[in-house]
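Dear colleague,

I am handing over the structure shown below, and I would be glad if you could look through it before reading on. My notes on what was found follow directly after it.

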Amino acid sequence: MDILVVGCGKMGGAMLRRWLDAMPARFTTVNRSGRALPPGTEHATGPDALTGRRFDAIIIAVKPQQIPDVMPAYTDLLADGGCYVSIAAGFSTASLGKLVGDQPVIRIMPNLPALIGRSVNGLFANPTCQDKHRDLANELARTTGTAVWLDDEDELDRLTAIAGSGPGYVFEIARSYVAAAQALGFSKETARALVLETMGGAIEMATRSDQDVADLRNSVMSKNGTTEAGINVLRRDGQLDALLRDTTRAAYDRAVELR
Ligand SMILES: NC(=O)c1ccc[n+]([C@@H]2O[C@H](COP(=O)([O-])OP(=O)(O)OC[C@H]3O[C@@H](n4cnc5c(N)ncnc54)[C@H](OP(=O)(O)O)[C@@H]3O)[C@@H](O)[C@H]2O)c1
């Protein structure tokens with residue numbers, strides 16, 4: 001199987017590393033800037049350097065705003081029976097269809113823990129896709145993490161707002177938590193270690209448990225204890241709930257704008 005990856009930045013590069021390790025396919029990337037790419041990849045500077053080649057799948061991993069300018073030059077490179085796989089946020093299969101024609105298109109919405117095989121991947125296929133295209137997309141997703149198939153493209157944009165953008169929220173919350181630890185007198189290194197170990201341990205524990213996360217929270221709060229004192233502030237006036245609702249809503253609204 002011959003696969004072309006157009007756009008090999010943070011997300012495309014993270015996924016490509018996993019694919020190269022786990023999949024028997026031959027991967028070619030478009031690398032305009034000459035950036036270092038994982039070993040085992042063939043490089044091309046652009047579509048002209050690929051004239052005459054045909055790919056079983058073309059993976060679209062440029063920014064959504066770049067797709068209309070970039071993709072028309074690649075449409076001749078798709079083999080008969082091949083498919084497009086887009087990891088771009090928001091950009092719909094219908095909009096891609098206007099650029100590449102009536103072709104099988106699958107959207108995979110990954111997130112950056114793909115780097116360590118922990119991506120949460122949402123998948124959506126347009127009606128032109130056949131089982132062989134879904135099987136390929138499933139393998140591309142499973143190699144980097146989980147694969148959650150969705151019947152409704154709007155649901156993929158909602159998943160983008162929760163999982164695709166999610167690592168960014170987690171890093172921002174961690175940053176603020178580290179700053180709070182520093183404000184209590186810890187060095188930057190100690191604050192970072194305390195916060196990341198605490199977050200990692202708590203998340204791992206919740207993942208392994210069947211208990212509701214609210215029950216887990218209650219289980220670490222004793223009456224008039226230190227945790228209760230902190231949680232009372234964290235939950236004051238429902239501000240945290242409102243903030244996270246607004247955060248995910250803004251990401252979803254942006255995905256809708258990018259359609
Ligand atoms: N980052 C995330 O956490 C995340 C999560 C889910 C989905 N995504 C999606 O993944 C896609 C890529 O995002 P990213 O964060 O990886 O962005 P990025 O790091 O900026 O990567 C974009 C890549 O596109 C390449 N590119 C731009 N114009 C090109 C052209 N004309 N021909 C070939 N390659 C071109 C760039 O190459 P040069 O360096 O040569 O300019 C760069 O390698 C986006 O559509 C985004 O929505 C990202």
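Which residues does UniProt list for "domain: Pyrroline-5-carboxylate reductase dimerisation"? The unreviewed entry gives residues 153-258 for this annotation, and UniProt positions are stated in the numbering used here, with feature names shortened and with annotations that may be inferred rather than shown by experiment.

Before going further, please note that this is a predicted model, in which local features need pLDDT of at least 70 and side-chain atom pairs count only at pLDDT 80 or more, while totals for chains, interfaces and linings use all residues. Residues are numbered from 1 along each chain as its sequence is written, and side-chain values use heavy atoms, with hydrogens and water left out.

The span 153-258 is 82% helix and 0% strand, and its end C-alpha atoms lie 13 Å apart; helices (H or I, at least four residues) and strands (E, at least two) are DSSP runs numbered from the N terminus. A further annotation from the unreviewed UniProt entry, "domain: Pyrroline-5-carboxylate reductase catalytic N-terminal", covers residues 3-90, where the chain is 19% helix and 31% strand and the end C-alpha atoms are 23 Å apart.

The domain assignment, whose bounds come from an automatic or database source, gives domain 1 (2-164) and domain 2 (166-258). Their centres, taken over C-alpha atoms, are separated by 32 Å, and the contact (heavy atoms within 4.5 Å) takes 15 residues from domain 1 and nine residues from domain 2.

Turning to the helices, α5 (residues 153-164) packs against α10 (residues 239-258) at an angle of about 135°, with their axes 8 Å apart; axes are lines fitted to C-alpha atoms, for helices over the stretch in contact, and angles run from 0 to 180 degrees between N-to-C directions. That angle makes α5 oblique to α10, since angles under 35 degrees count as roughly parallel, over 145 as roughly antiparallel, 65 to 115 as roughly perpendicular and the rest as oblique. In this pair, Asp154, Asp157, Arg158, Ala161 and Ile162 of α5 meet Thr248, Ala251, Tyr252 and Ala255 of α10. The residues of that contact divide into five nonpolar, one polar and three charged, where Ala, Val, Leu, Ile, Met, Phe, Trp, Tyr, Cys and Pro count as nonpolar, Asp, Glu, Lys and Arg as charged, and the others, Gly among them, as polar.

The axes of α5 and α6 (residues 166-183) come within 5 Å and cross at roughly 30°, which makes α5 roughly parallel to α6. Here Ala161, Ile162, Ala163 and Gly164 of α5 meet Gly166, Pro167 and Tyr169 of α6, and the residues of the contact divide into five nonpolar, two polar and no charged.

Finally, α6 and α7 (residues 188-208) pack at about 130° with their axes 9 Å apart, so that α6 is oblique to α7.
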